[in-house]
Amino acid sequence: MKMIDSFNFKGLKAIVRVDFNVPLDKQTREVTDDTRIRGALKTIKKIIGDGGSAILMSHLGRPDGVMEKYSLKPVLPVLEKYLGVSVAFAPDALGDEAVAMARDIKPGEVMMLENVRFYPEEEGKPKLPETATDEEKKAAKAELKARQKKMAEKLSTYADIYVNDAFGTAHRAHATTAVIAGFFPEEKRMFGFLINSELAAMDKVLSSAQKPFTAVMGGAKVSDKILIIENLLDRVDNLIIGGGMTYTFIKAQGGRIGNSLCEEDKLDIARDIIEKAKEKGVSLLFPTDGINADKFDAAADTYVSAIDDVKDGWMGLDIGPGSIALFEKVIMESKTILWNGPMGVFEMDKFSAGTTAIARAVAKATEQGAFSLIGGGDSVAAINKNGLADRVSYVSTGGGAMLEYMEGKKLPGITAIRGE
Ligand code: AMP
């Protein structure tokens, strides 16, 4: 594996998997948030700045075959504005025109392929009717996987070098995110700057965290976070639990939770996590109080109670002032902080105070020298909403990919390059 910063692309063509899966305005089809485009600029600029050429490929949305509304064309003007060069567009990633354009591309030039997910080969998951037998499913999968390999092989002929900079899809074993890497020798494949910085931030937290290390886990469900919590129990000093998943833990300990969110089938797992934390000497912190609502509504009536004493018919939708004070104190004393998931239903102002307080505490601790990593769509949204993105150490761009890496899983897009 080569490192992009010390590689010279002069005279070479690089095929680059980027993540331009950006939101588009339904009416105007303009890009409404260009964060992901900006995330890939450093890599593209490095390639063309060296005198190489860049052939970009990405997916957008979940199209079923060729669908104009999932075209990558709206990305072009934004990309051209940031790069200051014109970007050629190949309307079919595997078509003759794309082949010719890639063949003729000159040093310093950039071209982009149309949505690679217009081909089912990209994902390699056949869509079959429910009535299909296991045999049929197996055969269809094997056939599509063979075509996936062909797609990856064809794309590999467009360029000399493969660069993967699409962290958001690194947990997928798709043609352009993983399979294609196998068609390039080790010295001709590498990560782009974005993936490198994502990996550096996550490895810093997983392998060389300064202590005390505090993980703040929130969000709706325990079931989504079990694996990451288990992996973190071997590493953290403090584990703060907030958000809807709190109540499964509270109920597991015999508390009254009213109508609060609860996964009845995860009560044993919750007890198991509490037990394991004890064994490993991890300080497991739950909210002490919560803000309860009479309905799931921005205009609900509310009252504050102890976290384990929610009246029948009421539901806890945010952490209370006592919990905020407790969590702030622990966060401020930490040297490494990982935050994933909101403390309450932060989309409604009435239940956003807990999440905002945590966002501010993480920023403050960072200013005092802690390393902070924020991941997961909702905690990232909370950081952005509070204008704190520049005041934390690293904001991850990959929700699912980050979660899986932090769970200790191997990501296909990462291992395909590293060759593990
Ligand atoms: P996740 O995707 O698992 O990180 O969960 C994020 C979602 O959890 C957000 O949409 C929040 O509104 C929701 N959430 C957080 N706290 C609660 C709560 N106490 N009750 C219900 N939903 C919650």
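These notebook entries record what I looked up in a predicted model.

**Entry 1. Conventions.** I number residues from 1 along each chain as its sequence is written, and in this predicted model local features need pLDDT of at least 70, side-chain atom pairs count only at pLDDT 80 or more, and totals for chains, interfaces and linings use all residues. Side-chain values use heavy atoms, with hydrogens and water left out.

**Entry 2. The sheet.** I first looked up the strands, which, like the helices, are DSSP runs numbered from the N terminus (strands: E, at least two residues; helices: H or I, at least four). Six of them form an open sheet with parallel pairing, in the order β3-β4-β2-β1-β5-β6; two strands pair if DSSP finds at least two bridges between them. β3 (87–90) and β6 (189–191) stand at the edges with a single partner strand each, so one side of each has no neighbour in the sheet. On average, neighbouring strands of this sheet are turned by 25° against each other, direction ignored. I noted that helix α2 (residues 75–83) packs on the sheet and touches β2, β3 and β4 (110–113), its direction making about 155° with that of β3. Axes are lines fitted to C-alpha atoms, for helices over the stretch in contact, and angles run from 0 to 180 degrees between N-to-C directions. Strand β5 (residues 161–164) runs parallel to β6 and is joined to it by three bridges. In this pair, N164 stands opposite F191 of β6.

Entry 3. I found S53 in strand β2. S53 is buried, as its relative accessible area is 3%; buried means under 20%, exposed over 50% and partly exposed in between (1.4 Å probe, protein chains only). Beyond four places in sequence, the contacts of S53 include L12, I47 and E109, a contact being heavy atoms within 4.5 Å. D50 lies in the loop between α1 (35–49) and β2 (53–57), and is partly exposed because its relative accessibility is 21%. With neighbours within four places in sequence left aside, D50 contacts F7, N8, F9 and K10.

**Entry 4. Helix α12.** I then examined α12 (residues 377–385), whose buried residues are S379, V380, A382 and I383. They fall within an arc of 160° seen down the axis, so they line one face of the helix; the arc is that of the directions from the helix axis to the C-beta atoms. This buried set packs against β15 (336–340), α11 (353–367), β16 (371–375) and β17 (394–395). Exposed G377 and K385 are on the face turned away from the buried side. Just after α12, G387 has a positive phi of about 65°.
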